[in-house]
Amino acid sequence: MSTDVVVRGPASDLAIVDGQTFFSDKQVAALRQLGVQGATNADLAVFFHQCARTGLDPFARQVYMIERQGRQTIQTGIDGFRLVARRAVDATGGTLGYEDTVWCGTDGVWTDVWLAPGPPAAAKVVVLRDGQRFAAVALLGEYVGTRRDGSPTSMWASRPALMLAKCAEALALRKAFPQDLSGLYTSDETNQADHRPGSGVAALRESVPHDPGPVVTDAEIVEDDQPAPSITPAQQRKLHAMLRQAVGDDRDAGLVVCSSVLSRDVTSTADLTVAEASTVIDALEADRTAADTDPWPDAQTGEASA
């Protein structure tokens, strides 16, 4: 299969251009900054092939490669799966649809709205491609993401029905589009890769009755939290200085760095919260080497610090 790539969207220095067969030196440098320092050229070749095959942009964080337990894993979000599926049916003139997402508890009774205080035991998604049904079931015990201590991660603790539904959808889409999605996994599916089997389920079920979290209705979230405080001017000055040191004056590359650290699309540093800005700053400081002799401005005062 050809690895030529058709550019989608506006061109930039990081854009993969038509006819390209491997990442350029600048693209490799940007990928290294995004966290693939341990990837070999062979790993990058596989990653480029997946980018070419799916048409997903690694610099827009539509697809990315991370190291898990010493091995490189290529991942995307559920939106990336949906985009690949949509492009595939549009290219063939086919159709794409879904049946209602359903959840069940340990009693095995399916419902299209999960309102119980505890997490569901399973979620089922049915993808309809050209009229054919592709059903998939995701079990909580197989996919719940956990921390090193075995407790569920914040997303799985607060939104278990949504997270489980996304895993089931990824499974169903991979069954419906094996040529396009085989070998590619969503970050939600790989959350369980590093935890002990079943270790987070009991902790998740024990925590939810005390704090049910947001109500999940047809895989949509209703929240009434107050907005988090926005990035401070001092944080912005420090962050911009650190990004210039890391990637130069390339604004797009800087936003890619922020997106990588936060695992979400960042279109402007002004949209970051105080906590998010602190997270990115901490990550950049952790990557700083002994060759970096210029002091960063202090995040609180904006003044240079030794």
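Strand S1 (residues 63-68) contributes three residues to the lining of the largest cavity, the most of any element. Strands here are DSSP E runs of at least two residues, helices are H or I runs of at least four, and both are numbered from the N terminus. This is a predicted model: local features need pLDDT of at least 70, side-chain atom pairs count only at pLDDT 80 or more, and totals for chains, interfaces and linings use all residues. Residues are numbered from 1 along each chain as its sequence is written, and side-chain values use heavy atoms, with hydrogens and water left out.

**Cavity**

- One cavity of 30 Å³ or more turns up in a search of the whole structure.
- A cavity is a set of points, on a 1 Å grid over the protein atoms alone, where a 1.4 Å probe fits but cannot get out.
- The volume of the largest cavity is about 40 Å³. Volume means the space filled by probe spheres set on the points, with grid points joined across faces, edges and corners.
- Its lining consists of Leu31, Leu34, Val36, Phe47, Pro58, Arg61, Val63, Tyr64 and Met65. Lining residues have an atom within 4 Å of a point.
- Eight lining residues are nonpolar, none is polar and one is charged. Nonpolar covers Ala, Val, Leu, Ile, Met, Phe, Trp, Tyr, Cys and Pro; charged covers Asp, Glu, Lys and Arg; the others, Gly among them, are polar.

**Whole chain**

- The protein chain has 12 helices and 10 strands.
- Of its 306 residues, 43% are buried. Buried means under 20% relative accessible area, exposed over 50%, and partly exposed in between (1.4 Å probe, protein chains only).
- Take contacts between residues at least 6 apart in sequence: 60% of them join residues at least 24 apart. Contact means heavy atoms within 4.5 Å.

- Ala253 is in helix H11. Ala253 counts as buried because its relative accessibility is 9%.
- Beyond its neighbours within four places in sequence, Ala253 contacts Leu14 and Val247.
- Ala253 and Leu34 lie 219 residues apart in sequence, and their C-alpha atoms are 9.4 Å apart. Leu34 is also one of the residues lining the largest cavity.
- Thr269 sits in the loop between helix H11 (251-262) and helix H12 (274-287). Thr269 is buried, at 10% relative accessibility.
- The Thr269 side chain makes a polar contact with the His240 side chain at 2.9 Å. A polar contact is a pair of N or O atoms within 3.5 Å; within protein, one must be able to donate a hydrogen and the other to accept it, and residues adjacent in sequence count only if both atoms are side-chain atoms.
- Setting aside neighbours within four places in sequence, Thr269 touches Ile231, Gln236, Leu239, His240, Leu243, Leu255 and Cys258.

**Loops between strands**

- Asp130 lies in the loop between strand S6 (122-129) and strand S7 (132-139). Asp130 is partly exposed, at 48% relative accessible area.
- Asp130 has a positive phi of about 50 degrees, although it is not a glycine. Most residues other than glycine have a negative phi.
- Ala116 is in the loop between strand S5 (110-111) and S6. Ala116 is partly exposed, with 37% relative accessibility.
- Ala116 and Cys104 are 12 residues apart along the chain, with 9.9 Å between their C-alpha atoms.

**Cysteines**

- Cys104 is buried at 6% relative accessible area, and Cys167 is buried at 0%.
- The disulfide count is zero, where a disulfide is a pair of cysteine sulfur atoms within 2.5 Å.

Definitions and conventions: On a 1 Å grid over the protein atoms alone, a cavity is a set of points where a 1.4 Å probe fits but cannot get out, and a pocket is an open set with protein on both sides within 12 Å along at least five of seven lines; lining residues have an atom within 4 Å of a point.
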